[in-house]
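Please walk through this structure chain by chain, and then contact by contact.

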Amino acid sequence: MSASDIIWTLLSLFFIGLGYFAAFAFAAGMLWRLIGYLRTPMPLPHALTPAPKTEGGAVLRVLGDVTLFPNLFKADKWLWAGAWVFHAALAAVLFRHLRYFTYPVPGLVLYMEPVALFFGLLFGAAILFLFWRRLGLPRTLYISNLPDYFALALLGLIAGTGLMVSYWLHANLVDVKGFILGLMTFHPVEVPRHPLFLLHLFFVLILMLYFPFSKLLHAGGVFFSPSRHQPYQVQLRGKRYVNPLER
Amino acid sequence: MPVIELEGIQMDVDEDGFIQDPATWNEALAVAIAKTEDVEELTEDHWKVVSYLREYYQQFGIAPMIRKLCKETGYDLKTIYELFPSGPAKGACKIAGLPKPTGCV
Amino acid sequence: MPKFDETPIIKDPAVNGVLRAPGLREHASTDVRCHPSKPKDTAAIDLPAELVPDWKERALAKFGELLEQNQALRVYMDICVRCGACTDKCQFFLGTGDPQNFPVARAELLRRVYRRYFTPAGLFPDLGAASDLDEDLLRKWYTYFYQCSECRRCSVFCPYGIDTAEITIAAREIMASIGVSTKYVTEVVAKVYQTGNNLGIPPAAWKDNCEFLEEEVLEETGLPIRFPVDEAGADILLVPPSADNFANTDTMIGYGKLFHYLGLSWTTSTYCNEGGNFGLFLNFANLQKVNRRIIDAARMLGVKTIIWGECGHAWRAGILTPTLSGPMDMFDPPYPYHISQFIVDMLRKGAFDGRLDKSANDDYLVTYHDPCNSARAGQLIEEPRQIIRAVCNRFVEMPPNTIREKTFCCGAGNGLLTDEIMPIRMAGGKPRAMAVKHTKANYLATVCAICKAQLPESMHYWDVPVKVGGVIDLLANALKL
């Protein structure tokens, strides 16, 4: 066994260990946090005007919040554009990553091939815009703290390394997919011998570890915001809001 | 606790200069408080308002409605503001030794 | 009075009233604080009189308890991404320029402590934007959580609906539990238990006020219009803000004329002649205790229904009544019922057909100020406008980004209507004043006693010549009795 083999073996062990740990921490952390939100009672009705009158309307309102960011649109058109492009591009990029996780790969993922680079670049551009906005406006500069910069920087590094391994210093797709599927089927194999890919993977795993314990949790928390998910029914007969703490 | 000093006698007042115990009020004190409210001299008109406030307060334990104050003294609100620049609730009540009306007013 | 930035914040007023955020003026309002509470008041409402010795432990224990018991607080502590959407939305920032009045900066005062003691970020305070709870921070809490009027404007613009009001309410609850509260709020709550109302009007004075108004209206109209007090068996219990029977007498007279015209039997109660509920600005226990007085008064008098008068936060607390004080099934629906909703229902039924003379209000160019609480917490947006349109010929709206659910607080709501913080009140009143100026209206109608007390002062300060009054005052003008 050569020295380089030993290094790659150690690296493989490290990434396999970190991979399982990050996946577990992400899944368990998200479950723990979101179940915590779900189980926390809301003592008083709290719907924000103009509120839907029915449960169905409240579900639609939350779905609208999640997909279209209507409040941001009312607040600041540039921010809305930046944030929406960021999230839409992120969703597209994540969807495209299914090709590393599935066999056979769904048709739609394959059809994305011609536009994949576009979404990747859009994602990177949106991150740069959001970073610029944080630093460039006195108001956002005042409120931004270290975790805000950290999250953006981490996402930027992931986007940068990701774009590079896809379109410049290509990683071998078969190696990458073999490694990922190996992890998923609990038959781990050696990591692809591609430092830049490993850097990309490392940043992603750090993000997964960080996610449930940071502001990035807004991704799940948005479903639990009482001012948005409650219908306004206080004047409807038979719809008395009972304080869960007094039940 | 802030105090107001009058001819050597010290009187407890609250942060806004209202005397703490309305029972300790007297006319000389009213003159002293008036100076803090941009009322240099208490004229007959002033005394009419002040006495009505005192009378009403002693009977009911609160300041009268502004509408009633105007009606009973014969001064409209504008005149009362001329007499007491900071208004019936802040200026006139303070000089008359009433507690400050608070709530949604 | 310390002056803040006096430049107008509405640009192109003739076009659409776009708001312009002021430059940042750090610490501009940091020294404007409410008077602390007095022992006689805190004793009456079960609160510590002064900062308790083990305040830090007790504050954190209370905070932990609230995090377990309030989904909104728990979620809102975590999910803010500091996007900045709210930073130019709060009237207290727009008026003072103090960045600590950004809704997000205000909330961060609590979040820093949350992160320090309730999350892993507390292990690395400097990296995780976490702070120890110390006296310095407590002072900031006291200053800035009493420069928030819990008006919820920011939450309308937050992508997650983060409600800074809920955060301020939690912070005030924590502070109250360790002996930190304001004189204004505690004094008012104490007076409710003593006299039944916020102003401290004793029963004999309340009756005297009502009799006086009967004489006044008799003189004016020649009609025996009544202002009944404690009449058992009346159909309707009216819970107005007590200020209506003290300062806003035109509104009180409006209720009397309305019920007289409709031929309804109604009454007020000297046990509970107050719709307002300052418990909302202090802590949950007092919110609930004050609210229960309404139901108790209604039961004692045996009324069929309860109608809430023209008071913004009374309605915010009013819609909580079935939750706070138990089912209202013994009353006629709908419940809770607001006077504006009642009038609109009567309009729909044709009760006023042919009996409203709109020209009686022709001297007025009317605009309508949505009280933050009735509009954003109580869904009361259309009703007052429907009434105004039915009784006035000349009605004009303020710019769309300053009305309805985007309305500005008058600048003194939810515990801020106290004179020692007049600079904050005037600064916070600036966006509203600018918007009114833009309409050139000479009558500013609203359905809230706090607004009716604050607006005349802020309009005067910002040099906007306008009369402030109730919506029902306009109805009473137009009503052919």
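The paragraphs below take up the pairing of the chains, then each interface, and then some local backbone features.

This is a predicted model, and every value given here is computed from it. Two pairs of chains touch, and the pair with the most contacts is A and C. Chains A and B have no contact with each other; their closest C-alpha atoms are 24 Å apart.

Consider the interface of chain C and chain A. Chain C contributes 72 residues to this contact and chain A contributes 56. The size of an interface is often stated as the accessible area that is lost when its parts come together. Between chain C and chain A the buried area is about 5100 Å², and carbon and sulfur atoms give 57% of it. On the chain C side, the residues divide into 40 nonpolar, 15 polar and 17 charged.

The polar part of the interface between chains C and A can be listed separately. The rule finds 34 residue pairs in polar contact across it, both residues being at pLDDT 80 or more. Salt bridges across the interface of chain C and chain A number three. A salt bridge joins A:D148 and C:R82, with their closest N and O atoms 2.7 Å apart. Several helices of chain C supply at least two residues each to the side that touches chain A, among them helix 2 (55–69), helix 5 (103–118) and helix 12 (284–301). Helix 3 of chain C gives the most to that side, with six residues.

The interface of chain C and chain B comes next. Here 37 residues of chain C are in contact with 21 residues of chain B. The buried area between these two chains is about 2500 Å², with 56% from carbon and sulfur atoms. How many salt bridges does the rule find across the interface of chain C and chain B? The rule finds 11 across this interface, while the total over all chains is 49. Side chains of opposite charge can pair when their charged atoms come close. One salt bridge is formed by the side chains of B:K100 and C:D419, at 3.2 Å from N to O. Another links C:K183 with B:D14, where the closest N and O atoms are 3.3 Å apart. In that pair C:K183 belongs to helix 9 of chain C, and B:D14 lies in the loop between strand 2 (9–12) and helix 1 (27–36) of chain B.

Polar contacts across the interface of chain C and chain B come to 17 residue pairs, with both residues at pLDDT 80 or more. The elements giving two or more residues to the side of chain C that touches chain B are helix 9 (183–195), helix 10, helix 11 (249–262) and helix 20 (449–461). Of these, helix 10 gives the most, with eight residues. By class, this side of chain C has 20 nonpolar, seven polar and 10 charged residues.

Helix 10 of chain C also takes part in a helix packing between the chains. Helix 10 (residues 203–221) of chain C packs against helix 3 (residues 66–73) of chain B at an angle of about 65°, and the two axes are 11 Å apart. The crossing of these two helices is left-handed. Helix 3 of chain B makes the contact through B:R67, B:K68 and B:K71, and helix 10 of chain C through C:D208, C:F212, C:L213, C:E216 and C:E219. By class, the residues of this helix contact are two nonpolar, no polar and six charged.

Chain A has 12 helices and zero strands. Its C-alpha trace spans about 75 × 40 × 40 Å along the principal axes.

Some backbone features remain. Most residues other than glycine have a negative phi, and most peptide bonds are trans. In chain A, the peptide bond between A:T49 and A:P50 is cis, with omega about -10°. A:P50 sits in the loop between helix 1 (3–39) and helix 2 (55–68) of chain A. A:F69, a residue other than glycine, has a positive phi near 55°; A:F69 lies in the loop between helix 2 and helix 3 (70–75) of chain A. In chain C, a cis peptide bond runs from C:Y335 to C:P336, with omega near -15°. C:P336 is in the loop between helix 14 and strand 6 (337–338) of chain C.

Terms used
Residues are numbered from 1 along each chain as its sequence is written. Chains are lettered from A and ligands numbered from 1 in the order in which they are written. This is a predicted model: local features need pLDDT of at least 70, side-chain atom pairs count only at pLDDT 80 or more; totals for chains, interfaces and linings use all residues. Side-chain values use heavy atoms; hydrogens and water are left out. Axes are lines fitted to C-alpha atoms, for helices over the stretch in contact, and angles run from 0 to 180 degrees between N-to-C directions. Helices (H or I, at least four residues) and strands (E, at least two) are DSSP runs, numbered from the N terminus. A crossing is left-handed if the near helix is turned anticlockwise from the far one by less than a right angle, and right-handed if clockwise. Contact means heavy atoms within 4.5 Å. Ala, Val, Leu, Ile, Met, Phe, Trp, Tyr, Cys and Pro count as nonpolar, Asp, Glu, Lys and Arg as charged, and the others, Gly among them, as polar. Buried area is the accessible area (1.4 Å probe) that two parts lose on being put together, summed over both. A salt bridge is a side-chain nitrogen of Lys or Arg within 4 Å of a carboxyl oxygen of Asp or Glu. A polar contact is a pair of N or O atoms within 3.5 Å; within protein, one must be able to donate a hydrogen and the other to accept it, and residues adjacent in sequence count only if both atoms are side-chain atoms.
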